[in-house]
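Subject: Structure for you to look at

Hello,

Here is the structure I said I would pass on. Please open it beside this message and follow along.

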Amino acid sequence: MRAITVAASSLLAAALLGAAALRAGTAPEASPLYGVTVPDGFRDWPLIGVAQETGALDELRAVVGNAPALQAYRAGTLPFPDGTVLVKRAWKRTPSREFEPAFVPGAATTIQVMVKDSKRYPETGGWGFGRFIDGTPTDAAQHETCFACHQANVRDHDFVFTRLAP
């Protein structure tokens, strides 16, 4: 009985803290158009894949995913199930000081989020998008380009660029 009381007290405290944070205006900002936020704890999610963006962006990128994302990747499930969340972390590509031929992450540039919810986002293949710089969503004009790029390039892979790293 004591364990149940402690658990209930912990849940109540967490709920009250969450409500206080919302009242204080500390809730994460949502992306325009889609209402997507940066998910809590994403830095602890498993790695899905990596990429290097050349040209003007010159970035290193790592994509992590929640449990439904990883399960879908491992099973080869397309389309991805509702509840899938992918987060792309991007950094400027910086030469390593310790090992000259290598590049390492430099300054963070963006965090980009894709959320699969076919009921909420039917017009965009079931995906909602968020692009954030320093935790703040970029403007609506940038978000208007998300689905168009995914539709033009990866329509046959449920609008997802990233493949599971071997």
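In what follows, helices are DSSP runs of H or I with at least four residues, strands are DSSP runs of E with at least two, and both are numbered from the N terminus. Please keep in mind that this is a predicted model.

**Overall layout**

The protein chain has 4 helices and 6 strands. Read from the N terminus, their order is α-β-β-α-β-β-β-β-α-α. The chain has 166 residues, and 33% of them count as buried. Among contacts with a separation of 6 or more, 51% are between residues 24 or more positions apart.

**The sheet**

How are the strands arranged? The 6 strands make an open sheet, in the order β1-β2-β3-β4-β5-β6, with antiparallel pairing. The edges are taken by β1 and β6 (136-137); each has a single partner strand, so one side of each has no neighbour in the sheet.

Two of the pairings can be followed in detail. β2 and β3 run antiparallel and are joined by 7 bridges. Within this part of the sheet, Glu59 has Lys92 in β3 as its bridge partner. β3 also pairs with β4, again in the antiparallel sense, over 10 bridges. Here Arg93 stands opposite Pro105 in β4.

**Helix α2**

Helix α2 covers residues 67-75, and its buried residues are Ala69, Leu70, Ala72 and Tyr73. If you look down the axis of α2, these buried residues fall within an arc of 160 degrees, so they line one face of the helix. As background, an α-helix has 3.6 residues a turn, so residues three or four places apart point the same way. Gln71, Arg74 and Ala75 lie on the other side of α2 and are exposed.

What covers the buried residues of α2? The cover includes the strands β1 (47-53), β2 (59-65) and β3 (85-95). After α2 comes Gly76, which has a positive phi near 70 degrees.

The peptide bond from Leu78 to Pro79 is cis, with omega near -5 degrees. Pro79 is in the loop between α2 and β3.

Asp134 is not a glycine, yet its phi is positive, at about 55 degrees. Asp134 sits in the loop between β5 and β6. Is Asp134 buried or exposed? Its relative accessibility is 77%, so Asp134 counts as exposed, the cut-off being over 50%.

Asp158 also has a positive phi of about 55 degrees, and it is not a glycine either. You will find Asp158 in the segment after α4. With a relative accessibility of 9%, Asp158 counts as buried, since buried means under 20%.

**Phe147**

Phe147 is in helix α4. Why does Phe147 count as buried? The reason is its relative accessibility of 10%, because the limit for buried is under 20%. Leaving aside residues up to four places away in sequence, Phe147 touches Tyr34, Glu123, Thr124, Gly125, Phe129 and Phe159. Take Gly125 from that list: Phe147 and Gly125 are 22 residues apart in sequence, and their C-alpha atoms are 8.4 Å apart in space.

**The largest pocket**

The largest pocket holds about 700 Å³ of space. It is lined by 29 residues, and those closest to its centre are Arg61, Lys88, Gln112, His150 and Phe161. Which elements give two or more residues to the lining? They are β1, β2, β3, β4 (103-116), β5 (127-133) and α4 (146-154). The largest share comes from β1, with 5 residues. Sorted by class, the lining of the largest pocket has 14 nonpolar, 9 polar and 6 charged residues.

**Where to begin**

Regards

How values were computed:
Residues numbered from 1 in each chain as written. Predicted model: local features only at pLDDT ≥ 70, side-chain atom pairs only at ≥ 80, totals over all residues. Heavy atoms only, no water. Buried < 20%, exposed > 50% of the residue type's maximum accessible area, 1.4 Å probe, protein only. Arc of directions from axis to C-beta. Contact = heavy atoms within 4.5 Å. 1 Å grid on protein atoms, 1.4 Å probe; cavity = no way out; pocket = protein on both sides within 12 Å on 5 of 7 lines; lining within 4 Å. Points joined across faces, edges and corners; volume = space filled by probe spheres on them. Nonpolar A, V, L, I, M, F, W, Y, C, P; charged D, E, K, R; others polar. Pairing = 2+ DSSP bridges.
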